[in-house]
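Here are my notes on the backbone of this entry. Please read them with the structure open.

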Amino acid sequence: MENIKIFTRLISTELHLQEHAVENTLKLLDEGCTIPFISRYRKERTGGLDEVQITAISNRLSQLQEIAKRKETIVKTITEQQQMTPELEKRIKDCWESTTLEDIYLPYKPKRRTRAQVAREQGLEPLAQLLLLQRESDPKRAAQRFVVAGGSPADVHAALQGAQDIIAEQVSEDERSRNQVRAAFRREAFIESKVVKSKKDSDEAQKFSDYFEWAEPLKRCSSHRLLAMRRGESEGILRLSLTIDDDEAVKRLKRNLPPAPSQGGGACRRLLEEAVEDGYKRLLLPSIETEFMNLSKQRADEEAIRVFAENLRQLLLSAPLGQKRVMGIDPGFRTGCKVVCLDAQGNLLHHEAIFPHPPVNHRMQATIHLQDMLEKYQIEAIAIGNGTASRETKEFVTSLPALSQGERAAAPDDPHRHFSPSGRSAQVPVYVVSEDGASVYSASKVARDEFPDEDVTVRGAVSIGRRLMDPLAELVKIDPKSIGVGQYQHDVDQTLLKHSLDQTVESCVNLVGVNLNTASKHLLTYVSGLGAVLAQNIVDYRKENGAFTSRAQLKKVPRLGPAAFQQCAGFLRIADAKNPLDNSAVHPESYHVVEQMAKDLHCTVADLISQADKRSQIDIRKYVTDTIGIPTLTDIMKELEKPGRDPREQIEEFEFDSSVQTVEDLREGMELPGIVTNITNFGAFVDIGVHQDGLVHVSQLADRYVSDPTQVVRLHQHVRVRVIGVDLRRQRISLSMKGVK
């Protein structure tokens, strides 16, 4: 890899990491290794870097590679202009900061025909140099020599103006001047937002009413406020600007001018200062303002994407119910509730619509049909979408005789026994699950391929049921942007957003591991080293040859070569495999180590897994080699203790306060149970069962200062909140978690 030594030095300094760890990580990335694989199976080479650190290295590498390409273009352009010098070439070669690089390039950058360019074509550059020397007591007389009869410049005023245009452009392209103005923007820039008067009273403008007259220091403007203002600007409702003390900035720039001679030159000085003011206002200020607008937008994008990615991670790692026979219900009033029955593998067994709510009100019929389905398909859990009529549907379902009166109650010692909030025993637990993105899935090609003969309502209900069984396996089928756990996702850099979210999905899939014999093509796509083509080939091979019985069989899959096998094998699981290690996170390249451990203890690998006393006799230091060190051996021992363990938490039931149904029922001071539905950098949104989420502002999340809400709450967490404000007109609910237990 070219520039690897330079990249290693730069990245290790910026990220405060050891050079050898960064260098080895860069080499592994260059070899085609994925981030999950490197962090899990190459700890010896990276010094134990985690996924976050390796991702940061990978992202910075991409940025440096882009700068390297840009430098090649710049060198080529300046060389073709025959203006390249050894000093200039060295400055470009040594520069790895994009803003500085563009400043170096600016005087040589091909640009549209400017006023300064026109003046140079008129031969006025010598006049500009005379003004800069400030030795002419009468600049008009000097300018007279450059006047062209019947041509351009036509008179002394035009000649002097042209010379000033050249000086103004020089000021705007001068690195020191640009850095001075940048420093002023960093210190003191204010972002100002004003409403477009003609739009002030429109309905669409009201959501931006907070920013009709707004100003704050740019360095303190949060990501969500900046993105809100930018959205208002893009919709033609707001006008944004950045301001600094222009007079002070111009004074600093004037100090950069050559000192005036002791005698004369006053007239030249005045012309130079006019040129500085013009260069600042016409060229330099708009350029730096745009630069800082873009920079602030980039930072806001990065923060919004970071929050979005963290929310997505939490959602993907939501607690799974596991392989149970599930009833999925997509609730509704007028159109009814779409009910599906799924087997333990998520296959559709039956579907129908029931109408227990107004305006149809076929409650008795719905009760009979639902109880028949529960019995016929031996349903073990019910999943209800959290959209319209969700709460009413849950109340209807939990009122069924089979659930509310204990007719199908489990025995007291039944390990699957569940308890309703009222304390009555019920064998079929009811869960409310997020249906964000279910409509997107139901209309997608993925859903059409899965259920070509069913309509979108059935597909949506299937998605809801499957989300309860395994949120990760189902949500990977949906574009992450459509899952609804971010803010301003359509306003941020879409390329950066997709890259970050794809990395997040890949990280989650490989953290959990994938069942090789049941995983869909979409889930397999995110497994380290696979991708869409190999995922499809695995599914096709499975159909033709039956279930995989060993990881080694993967080598028979078309186009799945040694490199892909190395990257993916450790993340794929085979339940009930002949070799128990095939259902663990132990990589096949380390099987021989475990086999040697078993051999030394005169037992089998299965014995090592099942017998803690055997494992306790192992001294892992005996198995250290040039390629396998203590970190890998420690991971192997953890896997032997709990092979194939799922890192996700156990699922929990939840119940809203039955006394609160609508926003009108809320009163300040009420303490209510709720579910965290979204997390932003300004707080968390909580569903309290009134069809409108409330906001717990970051200042209300805890009795201490909170800088990052994700350190206090997580997505889908069950919390208790206190109502501190209700705005019925704007349907806004303010909540607090301070002092609430």
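Predicted model: local features only at pLDDT ≥ 70, side-chain atom pairs only at ≥ 80, totals over all residues.

1. Three strands make up an open sheet, and their order is 2-1-3. The pairing is antiparallel. Strand 2 (213–217) and strand 3 (238–243) are the edge strands, each pairing on one side only. Neighbouring strands here are turned by 15 degrees against each other on average, direction ignored.

2. Strands 1 and 2. Strand 1 covers residues 190–195. Its antiparallel pairing with strand 2 runs over five bridges. Look at isoleucine 191: its bridge partner in strand 2 is glutamate 216.

3. Cis bond at proline 153. The peptide bond from serine 152 to proline 153 is cis, and omega is near 0 degrees. Proline 153 sits in the loop between helix 10 (139–144) and helix 11 (156–173).

4. Cis bond at proline 359. Here two prolines are joined: the bond from proline 358 to proline 359 is cis, with omega near 10 degrees. Proline 359 belongs to the loop between strand 6 (348–354) and helix 16 (363–376).

5. Histidine 16. This residue is not a glycine, yet its phi is positive, near 60 degrees. The loop between helix 1 (4–15) and helix 2 (19–30) holds histidine 16. Is histidine 16 buried or exposed? Histidine 16 is exposed, at a relative accessible area of 70%.

6. Glutamine 134. Phi is positive here too, about 60 degrees, and glutamine 134 is not a glycine. Glutamine 134 lies in the loop between helix 9 (125–133) and helix 10. Glutamine 134 is buried because its relative accessible area is 0%, and buried means under 20%.

Conventions:
Residues numbered from 1 in each chain as written. Heavy atoms only, no water. Pairing = 2+ DSSP bridges. Helix = DSSP H or I, 4+ residues; strand = E, 2+ residues; numbered from the N terminus. Axes fitted to C-alpha atoms, helices over the stretch in contact; angles between N-to-C directions. Buried < 20%, exposed > 50% of the residue type's maximum accessible area, 1.4 Å probe, protein only.
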